[in-house]
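The following note sets out points for a colleague examining this model. Please read each point alongside the coordinates.

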Amino acid sequence: MPLVRIDLARGKPPGYRHAIADVVYTAMTGVLNVPQDDRFMVITEHDEADLVVSPEYLGIEHTADVVLIQVTLNEGRTVPLKQDFYRAVADGLHERTGLRREDVIISLVEVKKENWSFGNGVAQYA
């Protein structure tokens, strides 16, 4: 079960936010082999003062439209698979919303399967 957190600047229309969620979900199921219907996402908008991103890092320039995506998921995926996921999200967001690829920042947080509970106070994968 990935848990996705998407952070972006306040003021984007609901369709834009939903497009971001759809692109991330499509990349998770198509590239990371996440099961269908395994969709748990939180989208948060921030005022300009509350979204602090370096305007340039590692030779990549970021604008006020930057989107931060953090995915917590089970450990075990290969580096090439992760790279394919990053590319699929950046390309998908660019194609669907016009967001610059440079403004897509993704972080994967890997956890052991026993660190999830899907309800009822039970660790279903333990």
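1. Pocket terms. On a 1 Å grid over the protein atoms alone, a pocket is an open set of points where a 1.4 Å probe fits, with protein on both sides within 12 Å along at least five of seven lines, whereas a cavity is a set from which the probe cannot get out; lining residues have an atom within 4 Å of a point. Grid points are joined across faces, edges and corners, and a volume is the space filled by probe spheres set on the points.

2. Basis of the note. The model is predicted: local features need pLDDT of at least 70 and side-chain atom pairs count only at pLDDT 80 or more, while totals for chains, interfaces and linings use all residues. Residues are numbered from 1 along each chain as its sequence is written, and side-chain values use heavy atoms, with hydrogens and water left out.

3. Confidence. The mean pLDDT (the predictor's confidence in each residue, from 0 to 100) of the protein chain is 95, and 100% of the residues score at least 70. Helices (H or I, at least four residues) and strands (E, at least two) are DSSP runs, numbered from the N terminus.

4. Second largest pocket. Its volume is about 160 Å³. Which residues line the second largest pocket? The lining consists of Q83, Y86, R87, A90, V104, I105 and I106. At least two of the lining residues come from each of α2 (79-97) and β6 (104-111), and α2 gives the most, with 4 residues. For residue classes, Ala, Val, Leu, Ile, Met, Phe, Trp, Tyr, Cys and Pro count as nonpolar, Asp, Glu, Lys and Arg as charged, and the others, Gly among them, as polar. By class, this lining has 5 nonpolar, 1 polar and 1 charged residues.

5. Largest pocket. The space in the largest pocket is about 210 Å³. Its lining comprises 13 residues, of which E48, L51, T63, A64 and V66 are the closest to the centre. The lining divides into 7 nonpolar, 4 polar and 2 charged residues.

6. Rings of Phe, Tyr and Trp (its six-membered ring) pair if their centres lie within 6.5 Å; planes under 30 degrees apart count as stacked, over 60 as edge-to-face and the rest as tilted. This rule gives 3 aromatic pairs. The ring centres of W116 and F118 are 6.5 Å apart and the planes are at 20°, so this pair is stacked. For F118 and Y125, the centres are 5.3 Å apart and the planes are at 85°, so this pair is edge-to-face. W116, F118 and Y125 form one aromatic cluster. W116 is buried, at 8%, F118 is partly exposed, at 34%, and Y125 is partly exposed, at 43%.

7. Charges over rings. A charge sits over a ring if NZ of Lys or CZ of Arg is within 6 Å of the ring centre and within 35 degrees of the ring normal. K12 lies over the face of Y16, at 5.2 Å from the ring centre. R39 lies over the face of Y25, at 4.7 Å from the ring centre. The C-alpha atoms of R39 and Y25 are separated by 7.0 Å, with the two residues 14 apart along the chain. R39 belongs to the loop between α1 and β2 and is partly exposed, with a relative accessibility of 35%.

8. N33 is in the loop between α1 (14-30) and β2 (41-46). Although N33 is not a glycine, its phi is positive, at about 60°; N33 is exposed, at 57% relative accessibility. L32, in the loop between α1 and β2, is buried, with a relative accessible area of 2%. The C-alpha atoms of L32 and R77 are separated by 7.6 Å, although the residues are 45 apart along the chain. L58, in the loop between β3 and β4 (60-61), also has a positive phi, near 55°, in a residue other than glycine. L58 counts as exposed, at 71% relative accessibility.

How values were computed. Buried means under 20% relative accessible area, exposed over 50%, partly exposed in between (1.4 Å probe, protein chains only).
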